Each structure stands twice: as structure tokens, then as C-alpha cells.
Amino acid sequence: PGVYTGLDQTTFHSASHALLIQFAGKQNLHYRHFYQYVRVVPARSYQLRAWVKTEDITTDSGPRLEVRDAYDPGFLHDVSDDLTGSTTGWSLMTLDFTTGPTTELIVVGVVRLPSRKLDNLIAGKVWVDDFTLTAIP
């Protein structure tokens, strides 16, 4: 309740669709419902890239890209800056990280952490497209 997640075929960066997450503005949601498991090499540096677009994202705690160790977030848990407000077009977001000494499986996704402010109900839309994960030499 309070959020729609699906494919949008009318707004996209490339190909024919993008992920759309739309918040209704009625809750201070902890959102972590879009993710994918990815196999990685331990103790290796990577860069996550995604193209994002926002429309009227409210509150101080907007959606973010997230990378975490699938078994132990103590070894790896990184998030990007918040996506808030509105963008005029598509923006490239990057998140550089290094896997833990035993990390072989990560979770890559979009997360929205609850706000601690009084005006904390999240509304608006975020589109995410063209995720890539690249090992950094």
C-alpha cells in the first residue's frame, strides 16, 4: 500500500521501458521491493550505474540506489545520494563500492528509508533504467 512499482512504456532512457516507482504521499514508507541478486568476486571494486529521472519526490529521504552483501550487510552496504524533487531529464547515477572479503553475492536495488522529519509522507515518481555493474580494474 502507498506505492506502485512497474514497467513504464511511455517514459524510458533506452529500449522500450523503464522501472517506475510511484509514491502516493500517504505514508512514510520503508521501500525495498525492487532488487536483483548478482554474483561478484570477493574483495573487488565495482561501479554500479543507472539512469534516473524524478518527478515531484517529496520529503528529505527519497529513493536511492543500494548495494549490499546478500548474507551479511556488515561486509558491504552502500547507498547513493537521495533522489528528491524533480529532474529536467535523465541523470546518470553512479555508486562505487568494494565487496567484502567473503562477499560472493550482492543485492542491487532501489531503497527508500523512512524520514525522521515531521513532513515525512513521500509522494512523487522515480524512473530507473539501464542498470550496469562493472568491475573496476
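Predicted model: local features only at pLDDT ≥ 70, side-chain atom pairs only at ≥ 80, totals over all residues.
**Entry 1. Terms and basis**

Residues are numbered from 1 along each chain as its sequence is written, and side-chain values use heavy atoms, with hydrogens and water left out.

**Entry 2. The largest pocket**

I looked up the largest pocket and found a volume of about 160 Å³; a volume here is the space filled by probe spheres set on the points, with grid points joined across faces, edges and corners. Its lining consists of Phe 34, Tyr 35, Gln 36, Val 38, Leu 48, Val 108, Phe 131 and Leu 133. By class I record seven nonpolar residues, one polar and no charged ones. For this count, Ala, Val, Leu, Ile, Met, Phe, Trp, Tyr, Cys and Pro are nonpolar, Asp, Glu, Lys and Arg are charged, and the others, Gly among them, are polar.

Which strand gives the largest share of this lining? Strand S3 does, with four residues. S3 (31–39) and S9 each supply at least two lining residues. Strands are DSSP runs of E with at least two residues, numbered from the N terminus.

**Entry 3. The four-stranded sheet**

I next followed S3 into its sheet. Four strands form an open sheet in the order S3-S8-S5-S6, with antiparallel pairing. S3 and strand S6 (77–79) are at the edges with a single partner strand each, so one side of each is left without a neighbour in the sheet. Neighbouring strands of this sheet are turned by 20° against each other on average, direction ignored; the axes are lines fitted to C-alpha atoms. Two strands count as paired if DSSP finds at least two bridges between them. S3 and strand S8 (residues 105–112) run antiparallel and are joined by seven bridges. The pocket-lining residue Phe 34 has Val 110 in S8 as its bridge partner.

**Entry 4. The five-stranded sheet**

I then turned to the sheet that contains S9. Five strands form an open sheet in the order S1-S2-S9-S4-S7, and the pairing is antiparallel. At the edges I find S1 and strand S7 (91–98), each with a single partner strand, so one side of each has no neighbour in the sheet. Neighbouring strands here are turned by 25° against each other on average, direction ignored.

S9 (residues 123–135) pairs with S2 in the antiparallel sense over six bridges. In that pairing, Ala 24 has Ala 123 of S9 as its bridge partner. Strand S4 (residues 45–55) is joined to S9 by nine bridges, and the two run antiparallel. I noted two of the partners in S9: Asp 129 for Trp 51 and Val 128 for Val 52.

Is Thr 11 buried or exposed? Thr 11 has 17% relative accessibility and therefore counts as buried, where buried means under 20% relative accessible area, exposed over 50%, and partly exposed in between (1.4 Å probe, protein chains only). I located Thr 11 in the loop between strand S1 (3–8) and strand S2 (18–24). Beyond its neighbours within four places in sequence, Thr 11 is in contact (heavy atoms within 4.5 Å) with Ala 18, Lys 53, Trp 90 and Trp 127.

Thr 134 lies in strand S9 and, at 40% relative accessibility, counts as partly exposed. With neighbours within four places in sequence left aside, I find Thr 134 in contact with Ser 45, Tyr 46 and Gln 47. Thr 134 and Arg 49 are 85 residues apart in sequence, and their C-alpha atoms are 8.3 Å apart in space.

**Entry 5. Positive phi values**

I checked two residues for backbone phi. Ala 43, although not a glycine, has a positive phi of about 55°. Ala 43 belongs to the loop between S3 and S4, and its 57% relative accessibility makes it count as exposed. Asp 130, also not a glycine, has a positive phi of about 55°. Asp 130 is placed in strand S9 and counts as partly exposed at 26% relative accessibility.

Definitions and conventions:
Axes fitted to C-alpha atoms, helices over the stretch in contact; angles between N-to-C directions. 1 Å grid on protein atoms, 1.4 Å probe; cavity = no way out; pocket = protein on both sides within 12 Å on 5 of 7 lines; lining within 4 Å.
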